[in-house]
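Here's a quick tour of one model, starting with a sheet and ending with a single side chain. Have the viewer open and follow along.

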Amino acid sequence: MKNLKVIAFTHKLVDLKDLGSLVICNEELESRLISLKNSFDIPEIFYIGTCNRVEFVFYGPHELTAEFVKEFMHKLNFCVPSERLECFLNQVNTYEGIDALNHLLRMSCSMESLVVGEKEILAQVRKAYERCRKSGFTGDFLRLVMDRLVKTAKEVYTHTRIARNPVSVVSLAYRKLREIKLHDNPRILIIGAGETNQNIAKYLQKHRFSNFVVFNRTLDNAVALSTELNGKAYPLSELPNYQGGFDVMITCTGAPEAIVDTALYQSLLRGETDKKVIVDLAIPNDVHPDVMLQFPVHYIEVSSLQAIASKNLQERCDELVHAEQIIANNIREFLPIVKQRRVELAMREVPQKVKEIRSFALNEVFASEVSALDANSRQLLEKVIDYMEKKYIKVPMVMAKDILVKASHADIN
């Protein structure tokens, strides 16, 4: 286990906007990892790159000294100024042995994520590993590690509440929206084409909503979002003239004050009197409070959603103790497995060697004596040798495994 190493740059120490400088594109990944393997004689390695982390996981005897990490990073030839790379080297986390395994398990269970409980990280790690495996960068040891990461993460997500209940405002808004009984394919009016509205629109489109119209201060951005949604786009200045009506209004702009007052809302209704749905995710709110006082509205707004998100996140964090226990149990289980595998690999030539000895004894050393035996005697001799061969192969391997398992338990206790 001592040869498991991790060099990690994560959101905990590195500004997210700077992490992009360390991301390796797929086209360059193979050549860069080959350079690392050859330069440092690393037997196995894989690379993980997400919006929250860049990590190098490898198997080798190298000590993760500051000098080694510096050489390691310089060998990757990142297109950043040398002084910026030096800054990154002061923002690195390194892990070795059991600490490295614990870190990888925590990461795969999303306990090291920007948002605790988000399951996407496991899929990202699996994809990163699989890409490197197919390119021949990983071997038997990292295969065992990856199997344990997947097993542990599944147990954490199954047996704890770490991933229960959404913690993003967008997912909560969509959940609230789905709780309201809407018409079939309701008319959805989107005000603002920023990231928040883009994300909630993706939820709606995924669930087969298709009647969209988008208003935005910059028309090009409205067109881009409406094209994805197969809807219509208008500049925000045209909102007072819109005559298409709506069933759901989703708004999130950067306006410093409310942009939908009672007069504009009355105009947008076009004489309709049924209860509408407003999802207002702007801070400050885009819809004036008087609208809710004067009109029948299902109102979903960001402050109440943030309160729910904070509560859900705290509940997830409360589950960390249970997740830590699952991780500790998996580490205890994993150590004997690694040692047993080492025995299997070390002794995998034993069966062939025993067979070679048998063949040499029968056909060379005792060839004349064996040839003098009658058929029954020869058959009996073959049975005896078969029995001895199996025992000579099985017994030492079982004994070696038992010794290592007992040693592992003793180390743990």
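## The sheet

This is a predicted model, so treat what follows as a reading of computed coordinates. Six strands form an open sheet, with parallel pairing and the order β7-β6-β5-β8-β9-β10. The edge positions go to β7 (232-235) and β10 (297-301). Each of those two has a single partner strand, so one side of each is left without a neighbour in the sheet. Going from one strand to the next, the twist averages 15°.

Strands of a sheet pair through backbone hydrogen bonds, either parallel or antiparallel. Take β8 (residues 248-251) and β9 (residues 276-280) here: they run parallel and are joined by four bridges. Look for I250, which stands opposite V279 in β9.

## A helix across the strands

Now find helix α10, residues 219-229. What does helix α10 lie across? The answer is β5 (188-191), β6 (212-216) and β7. Relative to β6, helix α10 runs at about 165°.

Over in helix α14 (residues 320-346) sits E333.

Which residues does E333 touch, leaving aside its neighbours within four places in sequence? Those are R148 and K151. E333 and R148 are 185 residues apart in sequence, yet their C-alpha atoms are 9.4 Å apart in space. Their side chains make a polar contact with each other, at 2.9 Å.

Definitions and conventions:
Residues numbered from 1 in each chain as written. Predicted model: local features only at pLDDT ≥ 70, side-chain atom pairs only at ≥ 80, totals over all residues. Heavy atoms only, no water. Contact = heavy atoms within 4.5 Å. Polar contact = N/O pair within 3.5 Å; in protein donor to acceptor, adjacent residues only side chain to side chain. Pairing = 2+ DSSP bridges. Axes fitted to C-alpha atoms, helices over the stretch in contact; angles between N-to-C directions.
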